[in-house]
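Please keep the sequence and the 3D view at hand while reading.

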Amino acid sequence: MSLEIIGTGWLSREAYGSEKLGRNIEYASRTELRKLGKEDGLFAYPVKNFGRLTEISQRVCYLTALALQDAGLEYAAGNKLNIGLLGTDEFGCEQANLDYFRDYVEGGRSMARANLFIYTLPSSPLAEAAIHFGLQGPLLYFRPQEQSIESLIAAAKRMIAEGQAEYMLVYELDSEIDRCHVIGKI
């Protein structure tokens, strides 16, 4: 048994695609990021409350769908999958915290909207993907200065070898291009 990357989905500000399937589809000239999933049929079923998700949470959902498709893994509403998630990004939840505090100040410093509060955790985008796709494995967020993508892939392989999950998704989110790698047995 060898544990390797068996699929990769990627998303930039202009295009999206997948490695194994060789997809490279430009979208920026024809649609907005938030409408991409519906217009291009990226999800097997609609993501509940997709419009209220933060942009990074929407991107993570797109990446998850693309990576699972690239790896040949199917998901369906109501099905649970033994797949874990590991992620790192450039800014953590900095923008979500700014949005929440701005809303708090605009609300007279007495209350901010609860739907903004949930995103003040850096793991929230991964959790949104886990909920929609029925992923039941471990979910961890690592700060970028503490972890490289190679160390996350190594950690994912260890978690699979230890029986914590059948597959692991490893997210690499940054300002230029986002990637999600599916780690599994080949």
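The sections that follow treat the basis of the model, the sheet, the helices packed on it and a cavity.

## Basis of the model

This is a predicted model, in which local features need pLDDT of at least 70 and side-chain atom pairs count only at pLDDT 80 or more, whereas totals for chains, interfaces and linings use all residues. Residues are numbered from 1 along each chain as its sequence is written, and side-chain values use heavy atoms, with hydrogens and water left out.

## The sheet

An open sheet of mixed pairing is formed by 7 strands in the order β3-β2-β1-β7-β6-β4-β5; strands are DSSP runs of E with at least two residues, numbered from the N terminus, and two of them pair if DSSP finds at least two bridges between them. At the edges stand β3 (23-26) and β5 (139-142), each with a single partner strand, so one side of each is left without a neighbour in the sheet. From one strand to the next the twist averages 15°, with axes taken as lines fitted to C-alpha atoms (for helices over the stretch in contact) and angles running from 0 to 180 degrees between N-to-C directions.

Strand β1 (residues 3-12) has 8 of its 10 residues buried, so it is largely enclosed by the rest of the structure; buried means under 20% relative accessible area with a 1.4 Å probe, counting protein chains only. β1 runs antiparallel to β7 (residues 177-185) over 9 bridges, and L11 has D178 of β7 as its bridge partner. β1 also pairs with β2 (residues 15-18) in the antiparallel sense through 3 bridges, G9 standing opposite S18, and a hairpin of 2 residues joins these two strands.

## Helices on the sheet

β6 (residues 167-173) and β7 are antiparallel and joined by 5 bridges, with Y171 partnered by C180. Helix α2 (residues 55-71) packs on the sheet, touching β1, β2, β3, β4 (83-89), β6 and β7, and its direction makes about 135° with that of β1; contact means heavy atoms within 4.5 Å, and helices are DSSP runs of H or I with at least four residues. Helix α6 (residues 149-161) also packs on the sheet, where it touches β1, β4, β5, β6 and β7 and makes about 165° with the direction of β6.

## A cavity

A search of the whole structure finds 2 cavities of 30 Å³ or more, a cavity being a set of points on a 1 Å grid over the protein atoms alone where a 1.4 Å probe fits but cannot get out.

Key: Buried means under 20% relative accessible area, exposed over 50%, partly exposed in between (1.4 Å probe, protein chains only). On a 1 Å grid over the protein atoms alone, a cavity is a set of points where a 1.4 Å probe fits but cannot get out, and a pocket is an open set with protein on both sides within 12 Å along at least five of seven lines; lining residues have an atom within 4 Å of a point. Grid points are joined across faces, edges and corners, and a volume is the space filled by probe spheres set on the points.
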